[in-house]
Amino acid sequence: MRIDILTLFPKMFEGFVNESIIKRAIEKKAVEIHIINFREFSKLNNSQVDDTPYGGGSGMVLMVEPIVEAIESVKQENSKVILLTPQGSPYKQEKAKELKEEKHLILVCGHYEGFDERIRSFVDEEVSIGDYILTGGEIPAMAICDSVIRLIDGVIKKESYEEESFTNNLLDYPTYTKPREFRGLQVPDVLLSGDHEKIKEWRKKEQIKKTEEKRKDLLS
Ligand code: ADE
């Protein structure tokens, strides 16, 4: 998979692509990530890509021309162009699974002061990572990349996500490691029993219990 991230703040992605699982996925060539600065497409002095809003109002607005030219510089026939904005469809694990099948994602990072409405005519989808306002689409772009890349074959072990939270609309079961007891808190006996059938049954029950307690909405 190839991912192009279009942003005003390319440096924000330096740590993201150079650490942990994402770094390994890039090294293994499971994914190729390109970070593109909108400013490269500015035709104005000082690489300006924003301007004051028509009709008045506070703040600066991302201009349509450099953003659309940035998109067109990388867009191919099989590209999916996604705009990150709080007005987008709520992002869910199901969507991560869907995007994992794409050959090429173009993630366009919006800016908190707004962007020219006409940019919307040049994207396939708009996605929000939650009902809160961030300063830009960069953190949402990282969240989407991370959640998609970890699902690509060979990036992490399949067992790691077969039973994780949101699969089958259930939260994950509780896990423990050594020591068996910490300040009076015990590891459940069943996990030490060696009885794999019983452990499987217990885990399923705990998943349902946890989901009922914490996220009843997932069960409906
Ligand atoms: N840009 C600012 N806030 C956002 C959000 N919650 N989701 C996606 N993009 C955003």
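Predicted model: local features only at pLDDT ≥ 70, side-chain atom pairs only at ≥ 80, totals over all residues.

**From the sheet to the ligand**

Residues are numbered from 1 along each chain as its sequence is written, and side-chain values use heavy atoms, with hydrogens and water left out.

Strands here are DSSP runs of E with at least two residues, numbered from the N terminus. S1 and S2 run parallel and are joined over 6 bridges; two strands pair if DSSP finds at least two bridges between them. S1 also pairs with S6, again in the parallel sense, over 5 bridges, and there Ile 3 has Leu 105 of S6 as its bridge partner.

Strand S6 (residues 104–109) pairs with S5 in the parallel sense over 6 bridges. Within this pair, Cys 109 of S6 is the bridge partner of Leu 84. Taken together, 5 strands form an open sheet with parallel pairing, in the order S2-S1-S6-S5-S7. S2 (32–37) and S7 stand at the edges with a single partner strand each, so one side of each has no neighbour in the sheet. From one strand to the next, the twist averages 30 degrees (angles run from 0 to 180 degrees between N-to-C directions, with axes as lines fitted to C-alpha atoms).

Where does the ligand sit relative to these strands? S5 (79–90) and S7 (125–128) each supply at least two residues of the shell around the ligand, a residue being near if one of its heavy atoms lies within 4 Å. S5 gives the most, with 3 residues. Among the surrounding residues are Leu 84, Thr 85, Pro 86, Val 127 and Ser 128. The shell divides into 8 nonpolar, 4 polar and no charged residues, with Gly counted as polar and Tyr and Pro as nonpolar.

A polar backbone atom of Thr 85 is 3.1 Å from a ligand nitrogen, a backbone N or O atom of Ile 129 is 3.0 Å from a ligand nitrogen, and for a polar backbone atom of Gly 130 the distance to a ligand nitrogen is 3.1 Å. Taken alone the ligand exposes 260 Å², of which the protein buries 97% (Shrake-Rupley method, 1.4 Å probe).

Conventions:
Polar contact = N/O pair within 3.5 Å; in protein donor to acceptor, adjacent residues only side chain to side chain. Helix = DSSP H or I, 4+ residues; strand = E, 2+ residues; numbered from the N terminus.
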